Amino acid sequence: MRLHVVDHPLVAHKLSTLRDERTDSPTFRRLTDELVTLLAYEATRDVRTEPVDITTPVAVTEGIRLSYPRPLVVPILRAGLGMLDGMTRLLPTAEVGFLGMVRNEETLEASTYATRMPDDLSGRQVYVLDPMLATGGTLVAAVRMLLERGATDVTAVVLLAAPEGVALMEKELAGTPVTVVTAALDQRLNEHGYIVPGLGDAGDRLYGTA
Ligand code: URA
């Protein structure tokens, strides 16, 4: 497992506003969208491409285009949905799958309640979206499912990661072709499984249910 913390002033600026408890839902949604686009730029550094001839108004030259099989983008419902547009904006050829997972707030265990994606992901590059890598239970389960279906490499795009979640992924997914791209690595989890300092409940803040 590889961890990539994106170190950029625009990322830090947007993340700081997301963290602020005074940021309202519409602003939170817009900033999440913008932040994901910046993270997607880094997360897609190894996206597969192929050469293509391009005729400019002046000459013929060689360019590249995103190649097949198409990348698959998988938001984890519900909060990952807030990251979907920011990701697909940069990956226009991507197919989108969905994974509904919920964590039990007492045991912090993740369970799957909905899956909508191809059974066979052989040779596919997959980008899985979940704003908060907290205990890591949800992402470990999601990535395992994608690898079991044959995904060649999996990149988890998260807004924030906790050291506990990163450690679990490193332990459970050692030796697998998995990368985590995050805007920041925070201090720790609190006793309720929330990231500290974090930004609170990402789903509630995205959808105004706080
Ligand atoms: N999920 C969230 O939305 N926030 C956290 O801090 C941890 C998990």
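Some housekeeping: residues are numbered from 1 along each chain as its sequence is written. As the model is predicted, local features need pLDDT of at least 70 and side-chain atom pairs count only at pLDDT 80 or more, while totals for chains, interfaces and linings use all residues.

Let's start with the ligand. Around it sit Met132, Ala134, Gly193, Tyr194, Ile195, Gly198, Asp201, Ala202 and Gly203, each with its C-beta atom, placed from the backbone, within 6 Å of the molecule. By type, this shell holds 5 nonpolar, 3 polar and 1 charged, where Ala, Val, Leu, Ile, Met, Phe, Trp, Tyr, Cys and Pro count as nonpolar, Asp, Glu, Lys and Arg as charged, and the others, Gly among them, as polar.

UniProt, in an unreviewed entry, puts a "binding site" at Ile195, Gly200, Asp201 and Ala202; such annotations may be inferred rather than shown by experiment.

So, is Ile195 buried or exposed? Ile195 is buried, because 27 other C-beta atoms lie within 10 Å; the cut-offs are 20 or more for buried, 12 or fewer for exposed, and partly exposed in between. Asp201 has 15 such neighbours inside 10 Å, so Asp201 counts as partly exposed.

Ile195 belongs to strand S13, residues 195-196, strands being DSSP runs of E with at least two residues, and helices runs of H or I with at least four. Asp201 is in the loop between S13 and helix H6 (202-207).

Finally, helix H4: Gly137, Thr138, Leu139, Val140, Ala142, Val143 and Leu146 are buried there. After H4 comes Gly150, with a positive phi near 105°. Thanks, all!
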